[in-house]
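Keep the sequence and the 3D view side by side as you read.

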Amino acid sequence: MLDTKTARELLPFVNSPNFDQYIKVYVDAMKESVHKDIMRYSDEVEIFREQGKSAMLDRLLRLSDDVRKSAD
């Protein structure tokens, strides 16, 4: 969870019109790239790194919810 101060600073950003739509477009494009890289790599360390990227992209999809909860 975010600290309250940071969440309040991000609140106008995540409350902007179409934020969720735009972040989804970005995340979908990045996840496609990450999944291609996962399929390409054979080294476990590289695969784990890409899986971590994918997990962080999933968190971006929940950013607006996390910010709103933390700002309260």
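Helices (H or I, at least four residues) and strands (E, at least two) are DSSP runs, numbered from the N terminus. Glu50, for one, is found in helix α3. This is a predicted model, in which local features need pLDDT of at least 70, side-chain atom pairs count only at pLDDT 80 or more, and totals for chains, interfaces and linings use all residues. Residues are numbered from 1 along each chain as its sequence is written, and side-chain values use heavy atoms, with hydrogens and water left out.

Start with the overall fold. The protein has four helices and zero strands. Along the sequence the pattern reads α-α-α-α. The radius of gyration is 15 Å, well over the 11 Å that the globule rule gives for 72 residues, so the protein is more spread out than a compact globule. That radius is taken over C-alpha atoms, and the globule rule is 2.2 Å times the number of residues to the power 0.38. Along the principal axes, the C-alpha atoms fill a box of roughly 45 × 25 × 15 Å.

Buried residues make up 24% of the 72 residues. Here buried means under 20% relative accessible area, exposed over 50%, and partly exposed in between (1.4 Å probe, protein chains only). Contact means heavy atoms within 4.5 Å. Among contacts between residues at least 6 apart in sequence, 69% join residues at least 24 apart.

Now look at α2 and α3. Helix α2 covers residues 19–40, and helix α3 covers residues 44–61. The two pack at an angle of about 170°, with their axes 10 Å apart. Axes are lines fitted to C-alpha atoms, for helices over the stretch in contact, and angles run from 0 to 180 degrees between N-to-C directions. How are α2 and α3 oriented to each other? They are roughly antiparallel. The classes are these: angles under 35 degrees count as roughly parallel, over 145 as roughly antiparallel, 65 to 115 as roughly perpendicular and the rest as oblique. The crossing of α2 and α3 is left-handed. A crossing is left-handed if the near helix is turned anticlockwise from the far one by less than a right angle, and right-handed if clockwise.

On the α2 side they include Ile23, Tyr26, Val27, Met30, Val34 and Ile38. On the α3 side they include Ile47, Glu50, Leu57, Leu60 and Leu61. By class, this contact has 10 nonpolar, three polar and six charged residues. Ala, Val, Leu, Ile, Met, Phe, Trp, Tyr, Cys and Pro count as nonpolar, Asp, Glu, Lys and Arg as charged, and the others, Gly among them, as polar.

Glu50 counts as buried because its relative accessibility is 2%. Not counting residues up to four places away in sequence, Glu50 touches Val34, Asp37, Ile38 and Tyr41. Gln21 lies in α2. At 48% relative accessibility, Gln21 is partly exposed. Gln21 and Leu61 are 40 residues apart in sequence, yet 9.6 Å apart in space, C-alpha to C-alpha.

The other pair is α1 with α4. Helix α1 (residues 4–14) and helix α4 (residues 63–71) pack at an angle of about 130°, with their axes 8 Å apart. The two are therefore oblique to each other. α1 passes α4 in a left-handed crossing. In α1, Thr4, Ala7, Arg8, Leu10, Leu11 and Val14 take part; in α4 they meet Leu63, Ser64, Val67, Arg68, Ser70 and Ala71. These residues divide into seven nonpolar, three polar and two charged.

Follow Ser64 further. Ser64 is found in α4. With a relative accessible area of 3%, Ser64 is buried. Leaving aside neighbours within four places in sequence, Ser64 is in contact with Val14, Phe19 and Asp20. The C-alpha atoms of Ser64 and Asp43 are separated by 34 Å, at 21 residues apart along the chain.

Is Pro12 buried or exposed? Pro12, found in helix α1, is exposed, with a relative accessible area of 58%. Pro12 and Val67 are 55 residues apart in sequence and 9.9 Å apart in space, C-alpha to C-alpha.

Finish at the loop between α1 and α2, where Asn18 lies. Most residues other than glycine have a negative phi. Phi of Asn18 is near 70°, a positive value. Asn18 counts as partly exposed, at 41% relative accessibility.
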